[in-house]
Amino acid sequence: MTSSHGSGSPWSDLGRPPLNARVLRQALLLPDGLWTSLDVVPATGSTNSDLAARAAELPEGAVLVAEEQTAGRGRLDRSWSAPARSGLFLSVLLKPDVPVHRLGWLPLLTGVAAADGLARAAGVDVSLKWPNDLLVKVDGEERKAGGILAERAGDDGVVVGLGLNVSLAAEELPVPGAGSLLLAGAVSTDRDTLLRAVLRSLADRYGAWVRAGGDPEASGVQAAYADNCATLGRRVRAELPGERTLEGEAIALDGDGRLIVATEGGGTEAVGAGDIVHLRAAG
């Protein structure tokens, strides 16, 4: 669908208006708040890469949003792509004063915050697949609608990226098994509203976590993640570094955010990195 403004206009697709950076800044850049700057660019390769390159010169709380990402990355260097203005593609710069071994909670914390914010703003139940996928249900089937990628940036920074399919129709989905908020029956796909909700929720969760010294139990993030985790209680296959695989039941998260898998031999193993495949629904 094209408008009378011509094909070069950002309004060429009336169903996918551009983000309003001015209004977003007014709503989110508050005195004593976490967010210190917010930039919206028409397109970029990767918001994570762009923000990481500037991490040394930027204060904590910088937010970079792209209307389109041409070389977005997920875990294990997987690509992430979607039509322009069809989703939220953003990265934030955080510089938490917490012990280094607690940093693994940042992508999990971001998932909890995103799920909370989207439940309020979109009316969609979002569950979390360990460690960093956002799942929605489309016609009763679990689908991946988003992902999170956290990367160290400089001496004290972490860039956390979030990609979320918002208004993608079925024929636009990049791979089988993908989903979007639209297909999950969202009451709103207004990206300005969704972005505000996610960033406000993230600021709240992050603030509580930092005040607790990165302690996941004291900050409530460990319990919140477990409550919303679609992986716990399921039989899973963990595809681990070194081409090793592990099968068993995902039973818990430990204090460092690792997934505890009960193996058939009666033991348990903590998985800190790897790809998780859900083999059956939670009981």
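Reply: Let's start with accessibility: buried means under 20% relative accessible area, exposed means over 50%, and partly exposed is in between, with a 1.4 Å probe and protein chains only. Please keep in mind that this is a predicted model, where local features need pLDDT of at least 70 and side-chain atom pairs count only at pLDDT 80 or more, while totals for chains, interfaces and linings use all residues. Residues are numbered from 1 along each chain as its sequence is written, and side-chain values use heavy atoms, with hydrogens and water left out.

Me: Why does arginine 54 count as partly exposed?

Reply: Arginine 54 has 37% relative accessibility, so it counts as partly exposed. Glutamate 57, at 59%, counts as exposed.

Me: What makes arginine 54 and glutamate 57 a salt bridge?

Reply: A salt bridge is a side-chain nitrogen of Lys or Arg within 4 Å of a carboxyl oxygen of Asp or Glu. In this pair the closest N and O atoms are 3.3 Å apart, and the salt bridge is formed. The whole structure holds 13 salt bridges.

Me: What makes arginine 25 and aspartate 39 a salt bridge?

Reply: Their side chains meet at 3.9 Å, N to O, and form a salt bridge. Arginine 25 lies in helix H1 (residues 21-28) and aspartate 39 in strand E1 (residues 37-41), so the pair ties together parts that are 14 residues apart in sequence. Helices here are DSSP runs of H or I with at least four residues, strands are runs of E with at least two, and both are numbered from the N terminus. Arginine 25 is partly exposed with a relative accessible area of 33%, and aspartate 39 is partly exposed at 32%.

Me: How do you know that arginine 244 and glutamate 269 form a salt bridge?

Reply: The closest N and O atoms of arginine 244 and glutamate 269 are 2.5 Å apart. This pair links distant parts of the chain, with arginine 244 in strand E11 and glutamate 269 in strand E13, 25 residues apart. Arginine 244 is partly exposed at 40% relative accessibility, and glutamate 269 is partly exposed at 24%. Elsewhere, Arg235, Glu247 and Glu264 are linked in a network of salt bridges.

Me: How do you know that E11 and E12 pair?

Reply: Two strands pair if DSSP finds at least two bridges between them. E11 (residues 244-253) and E12 (residues 259-263) have 5 bridges and pair in the antiparallel sense. Glycine 248 stands opposite threonine 263 in E12. The two strands form a hairpin with 5 residues between them, and glycine 257 in the turn has a positive phi of about 85 degrees.

Me: How many bridges join E12 to strand E13?

Reply: There are 4 bridges between E12 and E13 (residues 268-271), and the strands run antiparallel. Alanine 262 stands opposite threonine 268 in E13. This hairpin has 4 residues between its strands, with glycine 266 in the turn at a positive phi of about 100 degrees.

Me: Why are E13 and strand E14 said to stand at the edges?

Reply: The open sheet of 5 strands has the order E13-E12-E11-E10-E14, with antiparallel pairing. E13 and E14 (275-278) each have a single partner strand, so one side of each is left without a neighbour in the sheet. For E14, the partner is E10 (residues 235-240), joined to E14 by 4 bridges. Within that pairing, glutamate 239 has aspartate 275 as its bridge partner.

Me: Why is the span of helix H4 called close to the expected one?

Reply: The expected span is 1.5 Å times one less than the number of residues. H4 (residues 191-211) has 21 residues and reaches 30 Å from its first C-alpha to its last, close to the 30 Å expected. Just after H4, glycine 213 takes a positive phi of about 70 degrees.

Me: Why is the protein called as compact as a globular one of that length?

Reply: The radius of gyration is taken over C-alpha atoms, and the globule rule is 2.2 Å times the number of residues to the power 0.38. The protein has 5 helices and 14 strands. Its radius of gyration is 19 Å, close to the 19 Å that the rule gives for 283 residues, so the protein is as compact as a globular protein of that length. Of the 283 residues, 51% count as buried.
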